[in-house]
Amino acid sequence: MNSVYKKLSSCGRYLLASAALVLVMAPVGAQVQNKPDTGSATPVVRRIAITIDDLPFETRRLKLADEQRATKAILAALQAHKVKALGFVNEDRLLVKGEVDARIGMLESWLDAGMELGNHNFGHLGFHGSSLAKYQEAVLRGDTFTRWLMQERKQVPRYYRYPHNQTGDNAEVQKQFEDFLQQHDYKIAPFTIEHDDFTYARVYEDAVLKNRKEDAERLRKAYLANLDRAVNTFETMSDEMFGRQVSHILNIHASLLNADMLDKMLSKLEQRGYQFITLEEALQDPAYLLPAGPSRQYGMSWLARWARMAKKRLSVYGQPDPEEWVIKWDQELAR
Ligand SMILES: [Zn+2]
């Protein structure tokens with residue numbers, strides 16, 4: 001069932017969209033098929049890079065010690081599955097009185113665990129509605145501590161992830177900003193798969209903080225099932241767009257939900273035949289050379305952007321929405 005909600009993409013809230021737009025984006029009756037490799041004589045190799053946004057931690061409702069524990073759990077899951085993930089930092093999230101050292105320490109733990117860090121700008125500023133100058137300033141201000149920590153390890157931040165995945169309001173400003181990134185030795189970090197983890201994460205955190213154990217368990221189950229539905233959809237898009245599976249890039253966030261679920265999520269991806277690769281390896285897929293176009297407000301998967309630029313009509317565009325009760329709960333929290 002197609003919903004009438006349109007996403008603001010990563011870290012955003014749901015907005016009511018016009019029925020017309022929904023019809024264009026997701027034709028009624030479009031079916032998504034699950035295509036597991038099991039039983040196939042020549043299994044398809046699927047590759048995916050894991051990227052995690054909003055470091056050191058997405059929300060500010062947990063106590064520092066809980067965020068530190070959650071960070072450890074995320075890193076343990078990544079290491080258990082031999083994943084070299086890319087973590088994208090909002091350095092404004094470091095600036096909490098009395099906790100700055102500890103928060104820098106959280107970032108350092110990502111590097112110590114063999115992960116790489118990238119820039120997600122200072123203040124999580126969206127490109128939509130920002131002046132180019134102000135946006136560029138947020139990028140330059142966004143890597144002071146990250147650069148310092150990485151320098152000690154003879155590394156530099158190499159990737160930029162757009163907050164809300166907003167890549168600009170028009171082609172001209174998009175190009176100007178891309179030139180700016182290049183001048184500062186940054187490459188864009190796109191993504192192909194997301195599954196509304198930020199929505200589930202907000203609601204889950206609320207359930208945990210209010211000690212609503214049954215709801216928390218229900219959410220964990222719903223969240224994991226949603227990963228399958230989302231991956232089905234994006235695999236379908238990749239097949240229809242390229243006749244093959246691109247090297248995928250998953251976009252999730254540093255949250256309590258992912259601390260509790262990442263191990264299971266990575267196992268699920270392995271069961272689906274995925275091998276974990278680095279962002280650098282994923283970007284070697286020639287698909288990423290295709291133009292993705294300016295996003296304006298809605299930062300959709302690059303699969304949808306490529307299709308739009310190529311004027312190719314796909315049977316599905318983007319992941320199915322979370323369950324209605326999850327969306328309702330999230331909207332209540334936003335009030
Ligand atoms: Zn973000």
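User: I'm looking at helix 2 in this model. Which residues in helix 2 are buried?

Analyst: Keep in mind that this is a predicted model. To read burial, check how much of a residue's area is still accessible: buried means under 20% relative accessible area. In helix 2, that picks out Leu64, Glu67, Ala70, Thr71, Ile74, Leu75, Ala77 and Leu78.

User: Where do those buried residues sit, seen down the axis of helix 2?

Analyst: They fall within an arc of 155°, so they line one face of the helix. Turn to the other side of helix 2 and you'll find Arg69, Lys72 and Ala80 exposed.

User: What covers the buried residues of helix 2?

Analyst: The cover includes strand 3 (46-55), helix 3 (100-112) and helix 9 (256-271).

User: How many residues does helix 2 have, and what span does it reach?

Analyst: Helix 2 runs over residues 64-80, which gives it 17 residues. From first C-alpha to last it reaches 24 Å, close to the 24 Å expected at 1.5 Å a residue. Just after helix 2, have a look at lysine 82, which takes a positive phi of about 55°.

User: Okay, let's talk about cores. What do nonpolar side chains tend to do in soluble globular proteins?

Analyst: They tend to be buried together. Here, the largest nonpolar core has 81 residues. The ones with the most contacts inside that core are Ile50, Ile52, Leu78, Trp110, Leu262 and Leu269. Helix 8 (residues 213-242) supplies the largest share of this core, 11 residues. There's also a second, separate core of 10 residues, and it includes Tyr135, Val139, Val173 and Tyr186.

User: Now a strand. How many of the six residues of strand 8 are buried?

Analyst: For a strand, check both faces. Six of the six are buried in strand 8, so it is largely enclosed by the rest of the structure. One side has His248, Leu250 and Ile252, while the other has Ile249, Asn251 and His253.

User: In which sense do strand 3 and strand 8 pair?

Analyst: Parallel, over six bridges.

User: What about polar residues? Is glutamine 245 buried or exposed?

Analyst: With a polar residue, read its accessibility and then look for polar partners. Glutamine 245 has a relative accessible area of 12%, so it is buried. You'll find it in the loop between helix 8 and strand 8 (248-253).

User: Which side chain makes a polar contact with the side chain of glutamine 245?

Analyst: That's aspartate 239, at 3.2 Å. A polar atom of the glutamine 245 side chain also lies 2.9 Å from the backbone oxygen of glutamate 235. Not counting residues up to four places away in sequence, glutamine 245 touches Arg46, Glu235, Ser238, Asp239 and Tyr274.

User: And glutamate 194: is it buried or exposed?

Analyst: Glutamate 194 counts as buried, at 4% relative accessibility. It belongs to the loop between strand 7 (187-188) and helix 7 (197-209). Its side chain joins that of glutamine 319 through a polar contact of 3.5 Å.

User: Zooming out, how many helices and strands does the protein have?

Analyst: There are 12 helices and nine strands. Of the 335 residues, 54% are buried. To see how the chain folds back on itself, take contacts between residues at least 6 apart in sequence: 83% of these join residues at least 24 apart.

Technical notes. Residues are numbered from 1 along each chain as its sequence is written. This is a predicted model: local features need pLDDT of at least 70, side-chain atom pairs count only at pLDDT 80 or more; totals for chains, interfaces and linings use all residues. Side-chain values use heavy atoms; hydrogens and water are left out. A nonpolar core is a set of buried Ala, Val, Leu, Ile, Met, Phe, Trp, Tyr and Cys residues joined through side-chain atoms within 4.5 Å. Buried means under 20% relative accessible area, exposed over 50%, partly exposed in between (1.4 Å probe, protein chains only). Helices (H or I, at least four residues) and strands (E, at least two) are DSSP runs, numbered from the N terminus. The expected span of a helix is 1.5 Å times one less than its number of residues. The arc is that of the directions from the helix axis to the C-beta atoms. Contact means heavy atoms within 4.5 Å. A polar contact is a pair of N or O atoms within 3.5 Å; within protein, one must be able to donate a hydrogen and the other to accept it, and residues adjacent in sequence count only if both atoms are side-chain atoms. Two strands pair if DSSP finds at least two bridges between them.
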